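The following exercises concern a protein model and are each followed by a worked solution. Please consult the sequence and the structure while working through them.

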Number of protein chains: 2
Amino acid sequence: MNRPYQFAAEESGHYNCQMNGGNWKTISSERHFADRNVQVVTDRVQTPARPDPRVWTIVHRKPAVVIAPMTRDGKIILIRQERIPIRQAIWEMPSGQIDDHNADGEKIKEVASRELREESGYELAQDGRLISLGHYFSSPGFTDERGHLFLASPVQPCEEGPDREEGESILDCRQFSVEEIRRMIADNEIRDANTLSICATLAARGLLSLTPRP
Amino acid sequence: MNRPYQFAAEESGHYNCQMNGGNWKTISSERHFADRNVQVVTDRVQTPARPDPRVWTIVHRKPAVVIAPMTRDGKIILIRQERIPIRQAIWEMPSGQIDDHNADGEKIKEVASRELREESGYELAQDGRLISLGHYFSSPGFTDERGHLFLASPVQPCEEGPDREEGESILDCRQFSVEEIRRMIADNEIRDANTLSICATLAARGLLSLTPRP
């Protein structure tokens with residue numbers, strides 16, 4: 001239960017496909033539904049830890065980008081968006097799906113820059129950088145959806161403003177201080193995985209403080 | 001773009017169903033697939049902000065509980081679990097689905113206590129408390145899945161150990177210091193929404209520090 005932690009790093013995901021002397025093996029896959037946005041399958045899968053195949057329903061989703069836009073004076077830009085599946089409008093970080101299945105690191109960064117501009121009306125300043133913070137899984141018990149996390153800093157308003165596509169449901173866009181972000185997380189007003197996950201990552205890297213003021 | 005922040009709280013989710021003079025209205029709903037775990041529908045929905053109906057594919061999921069178990073000396077318990085949709089084993093907080101559609105606050109807490117015990121083999125100490133931290137949405141662009149977040153503190157090992165169901169794929173369970181958790185988030189080893197979202201919430205409430213040591 002409490003073995004030394006130094007072994008954890010070796011097992012922490014980088015070697016997953018060959019851990020425990022076994023491999024992940026898809027024995028069969030049956031498709032139930034597919035449209036532009038979701039694909040539902042039931043797979044029979046052999047896992048590294050268990051030789052007997054397991055049957056699991058999986059919703060495939062395109063990967064996404066999530067961008068934390070930070071201004072030169074340390075403010076964070078959030079958008080307010082109508083989200084139909086939850087019948088609510090929420091404050092969240094700009095994000096978007098990656099349509100190209102073969103997108104490499106550079107291509108993913110291009111998508112992140114475009115989504116930042118389209119959704120928030122902000123873009124990187126001339127000395128700005130798009131910093132990759134890794135990726136996260138939104139709900140690995142049922143979907144393979146992953147979000148690639150980026151810090152965009154510093155950002156400035158685009159001259160031409162946001163360029164929102166037909167499908168977007170963005171109602172508002174504002175700057176928030178880091179203390180406002182912290183307060184909104186503590187009060188459960190920020191409550192989507194994209195925003196919470198990128199904030200946890202930024203905090204753990206020392207790029208944003210979630211610690212309440214004394 | 002930068003209107004005074006004091007208006008934000010009024011619009012921050014509590015009044016969503018009547019904001020902007022409109023309501024959320026489901027005009028039609030077509031079901032494509034359903035099993036025990038996912039239900040896929042295409043809804044035509046009128047949103048508060050737009051009078052013209054929008055068509056959206058939604059994956060319905062049961063709500064879940066996510067538990068951050070903290071020992072008396074401030075260690076966090078994580079489990080290592082094989083997650084078939086992503087073909088990986090990851091370190092994460094104990095969690096589980098709420099089967100009862102009508103579960104109220106007390107019932108949800110019971111599920112959280114049970115999942116804590118079954119998945120980690122820990123339980124609340126006699127002076128322990130299960131503290132509700134609100135809920136979050138795992139991917140509100142396509143699913144209504146929500147996770148109810150709890151801090152369980154202090155916890156202690158159950159005498160009988162973990163009681164894992166047939167379906168569970170838990171490989172390991174260990175205590176981690178808060179600094180180890182922070183390092184694993186910074187290094188992208190912790191990378192699921194449940195764990196990242198509950199860590200952001202704990203940090204914003206001053207219950208766990210994600211700030212790197214100087």
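**Exercise 1. Fold of chain A**

Which pattern does chain A follow when read along the sequence?

*Solution.* The model is predicted: local features need pLDDT of at least 70, side-chain atom pairs count only at pLDDT 80 or more, and totals for chains, interfaces and linings use all residues. Residues are numbered from 1 along each chain as its sequence is written, chains are lettered from A and ligands numbered from 1 in the order in which they are written, and side-chain values use heavy atoms, with hydrogens and water left out.

Step 1. Helices (H or I, at least four residues) and strands (E, at least two) are taken as DSSP runs, numbered from the N terminus. Chain A has four helices and ten strands.

Step 2. Along the sequence, the pattern is α-β-β-β-β-β-β-β-α-β-β-β-α-α.

Step 3. A residue is buried under 20% relative accessible area, exposed over 50% and partly exposed in between (1.4 Å probe, protein chains only). Of the 214 residues of chain A, 57% are buried.

**Exercise 2. Relation of the two chains**

Determine how chain B is placed relative to chain A, and describe their interface.

Step 1. With contact defined as heavy atoms within 4.5 Å, 94 residues of chain B are in contact with 94 residues of chain A. Since 100% of the interface residues of chain B are also interface residues in chain A, the copies meet through the same surface.

Step 2. Buried area is the accessible area (1.4 Å probe) that two parts lose on being put together, summed over both. For chain B and chain A it is about 8400 Å², with 56% on carbon and sulfur atoms.

**Exercise 3. Helix 4**

How many residues of helix 4 of chain A are buried?

*Solution.* Step 1. Helix 4 of chain A spans residues 193–204 and reaches 16 Å from its first C-alpha to its last, close to the 16 Å expected at 1.5 Å a residue. The expected span is 1.5 Å times one less than the number of residues.

Step 1. Twelve of its twelve residues are buried, including A:Asn194, A:Ser197 and A:Ala200.

Step 2. After helix 4 of chain A comes A:Gly206, whose phi is positive, near 75 degrees.

**Exercise 4. Salt bridges**

Examine salt bridges between and within the chains.

*Solution.* Step 1. A salt bridge is a side-chain nitrogen of Lys or Arg within 4 Å of a carboxyl oxygen of Asp or Glu. The structure holds 24 of them over all chains, and two lie between chain B and chain A. A:Asp43 pairs with B:Arg87, the closest N and O atoms being 2.9 Å apart.

Step 1. B:Asp99 and B:Lys62 form a salt bridge, the closest N and O atoms being 2.8 Å apart. B:Asp99 lies in the loop between strand 7 (95–97) and helix 2 (105–120) of chain B, and B:Lys62 in the loop between strand 3 (54–60) and strand 4 (64–71), so the pair ties together parts that are 37 residues apart in sequence.

Step 2. B:Arg83 meets B:Glu92 in a salt bridge (2.9 Å, N to O). B:Arg83 is buried at 11% relative accessible area, and B:Glu92 is buried at 0%.
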